[in-house]
Structure formats: structure tokens, C-alpha cells
Number of protein chains: 2
Amino acid sequence: MNYTELNKQSSREIMPGFHGKFVHSDNMTFVHWKIDAGAALPEHAHLHEQVVNVIEGEFELIVDGESRTLKPRQVACIPGHAKHSGRALTDCYIVDVFYPVREDYR
Amino acid sequence: MNYTELNKQSSREIMPGFHGKFVHSDNMTFVHWKIDAGAALPEHAHLHEQVVNVIEGEFELIVDGESRTLKPRQVACIPGHAKHSGRALTDCYIVDVFYPVREDYR
């Protein structure tokens with residue numbers, strides 16, 4: 001099996017306050033984010049479907065103009081090409097999953 | 001966005017001790033499992049790629065004869081068609097992700 005210990009992987013700060021650890025499977029990319037309170041995700045879009053799994057904290061997510069405050073054990077599916085942005089209301093631990101693989105995150 | 005509050009969804013005990021809450025996106029299936037200590041996953045295989053994200057607890061996973069004890073912030077990728085089995089060594093909270101969608105979990 002392809003096996004990763006995230007605690008042994010250095011995080012990469014892809015955007016200010018977004019500290020990610022990455023796993024690429026055959027078809028998907030997984031990012032385990034530690035996000036600092038107040039960190040902002042500028043509006044953007046990508047071809048990949050993205051599913052946001054909130055483990056800890058609260059994150060305001062805006063998808064195609066619809067805003068939600070995501071809390072632990074809430075899951076949001078962002079369709080491919082949908083414009084989205086957001087902001088960490090508290091420190092967060094979020095598992096994002098992308099299909100297909102995010103080649104730009106390798 | 002497709003948005004799910006898992007706390008408002010009843011869990012389904014797919015196998016003894018495996019209590020799952022399910023989200024299906026366009027291409028993937030997400031299962032947030034609460035697994036009872038001692039629960040056993042019999043050996044099986046499926047065409048779907050499966051990625052196991054351990055959030056809490058310890059789970060012994062065996063894939064094609066290779067055994068690993070998975071702990072929090074460890075991630076295992078199980079290729080499609082690979083034989084796998086396992087056992088919860090403690091109570092666990094695991095997020096499993098499947099590609100493509102598990103139609104049998106709808």
C-alpha cells in the first residue's frame with residue numbers, strides 16, 4: 001500500500017496561513033490543512049471537484065455566491081470550475097479532497 | 001454547493017461495529033466512520049480506489065498481505081481490486097474516501 005505518516009512530512013504554506021500536508025493517490029489528492037484563524041482564501045476556481053471535510057474549527061466558505069459557516073463533521077462538495085473563496089473563523093483542521101489529482105500540488 | 005451536516009444524519013452500521021455517515025460527490029464517496037474497538041473488517045476487494053484517513057484511534061490494516069498499524073494523521077492508499085482487511089485496535093474515527101462513487105453505499 002502507499003502509506004504516508006503526515007507527522008513526518010513538513011507542511012507547505014501554499015497561501016498565507018494555510019499549512020498543508022499532501023498525499024496523492026492514483027486518482028485523488030488529499031490535503032490535511034492546519035489553517036490559522038483569520039487566514040483568507042481568495043476567490044478562485046479549478047477544474048477539480050473539491051470536497052471539504054471539517055475536522056476542527058470553523059471556516060466560512062463561499063461557493064458561487066452561497067456562504068456557509070462550516071463546523072466539525074460538516075462536509076461541502078464544490079463542483080469543478082465553481083468559484084469559491086473563504087476565511088478561517090478559528091484555527092482549523094480540514095481535510096480537502098480533490099478529483100482528479102492536483103498536479104500543481106505535487 | 002452540496003452540503004452535509006453529518007451530525008444530523010443517522011449512521012448506518014454497514015458491518016458490526018462500523019458506524020458510517022455517507023456523502024457522495026460527483027465522483028467520490030466519503031464515509032466518516034466511528035468504529036468500535038475490536039471490530040473486524042473481513043478480507044474483501046472492490047474496483048474502487050480507497051484512501052484511509054485516520055483522525056482518531058488505531059486501526060490495523062492489511063493490504064495484499066502487508067500489515068500496518070495506522071494512527072492519527074496517517075493515510076493509506078489502497079489500490080482498486082487490492083485485497084484488504086483490518087481490525088480496530090481502539091475506538092476509531094476514520095474518513096474513508098472512494099473513487100469512483102460506491103453505488104452500493106447510496
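Okay, a definition before we start: helices (H or I, at least four residues) and strands (E, at least two) are DSSP runs, numbered from the N terminus.

A word on the source. What you see is a predicted model, where local features need pLDDT of at least 70, side-chain atom pairs count only at pLDDT 80 or more, and totals for chains, interfaces and linings use all residues. Residues are numbered from 1 along each chain as its sequence is written, while chains are lettered from A and ligands numbered from 1 in the order in which they are written.

On confidence: pLDDT is the predictor's confidence in each residue, from 0 to 100. Chain A has a mean of 97, with 100% of its residues at 70 or more. For the complex, the predictor gives an ipTM of 0.96 and a pTM of 0.97.

Now, how do the two chains meet? I'll say "in contact" when the C-beta atoms of two residues, placed from the backbone, lie within 7 Å. By that rule, 31 residues of chain B are in contact with 31 residues of chain A. Which element gives the most to chain B's side? That would be β9(B), with five residues. By class, this side of chain B has 17 nonpolar, eight polar and six charged residues. Here nonpolar is Ala, Val, Leu, Ile, Met, Phe, Trp, Tyr, Cys and Pro, charged is Asp, Glu, Lys and Arg, and the others, Gly among them, are polar.

There's strand pairing across the chains too. Two strands pair if DSSP finds at least two bridges between them. Strand β9 (residues 74-78) of chain A is joined to β1(B) by four bridges, running antiparallel. In that pairing, Val75(A) is opposite Thr4(B).

On to the core. A residue is buried if 20 or more other C-beta atoms, placed from the backbone, lie within 10 Å of its own, exposed if 12 or fewer, and partly exposed in between. A nonpolar core is a set of buried Ala, Val, Leu, Ile, Met, Phe, Trp, Tyr and Cys residues joined through C-beta atoms within 7 Å. The largest one has 52 residues, and those touching the most other members are Met28(A), Val52(A), Met28(B) and Val52(B). Leaving aside neighbours within four places in sequence, Met28(A) has contacts including Val97(A), Phe98(A), Met28(B) and Val51(B).

Next, the sheets. Chain A has an open sheet of four strands in the order β5-β10-β7-β8, with antiparallel pairing. Its edge strands are β5 (40-44) and β8 (66-70). Inside it, β7 (residues 59-63) and β8(A) are joined by five bridges, with Leu61(A) opposite Arg68(A).

Chain B also has an open four-stranded sheet, ordered β5-β10-β7-β8 and antiparallel. β5 (40-44) and β8 of chain B each have a single partner strand, so one side of each has no neighbour in the sheet. β5(B) pairs with β10 (residues 84-88) over three bridges, and His44(B) has His84(B) as its bridge partner.

Most residues other than glycine have a negative phi, and most peptide bonds are trans. Asp64(B), though, has a positive phi near 45°, and this residue is exposed, with 12 other C-beta atoms within 10 Å. Arg73(B), in the loop between β8 and β9 of chain B, has phi near 65°. And the peptide bond between Tyr99(A) and Pro100(A) is cis, with omega about -5°.
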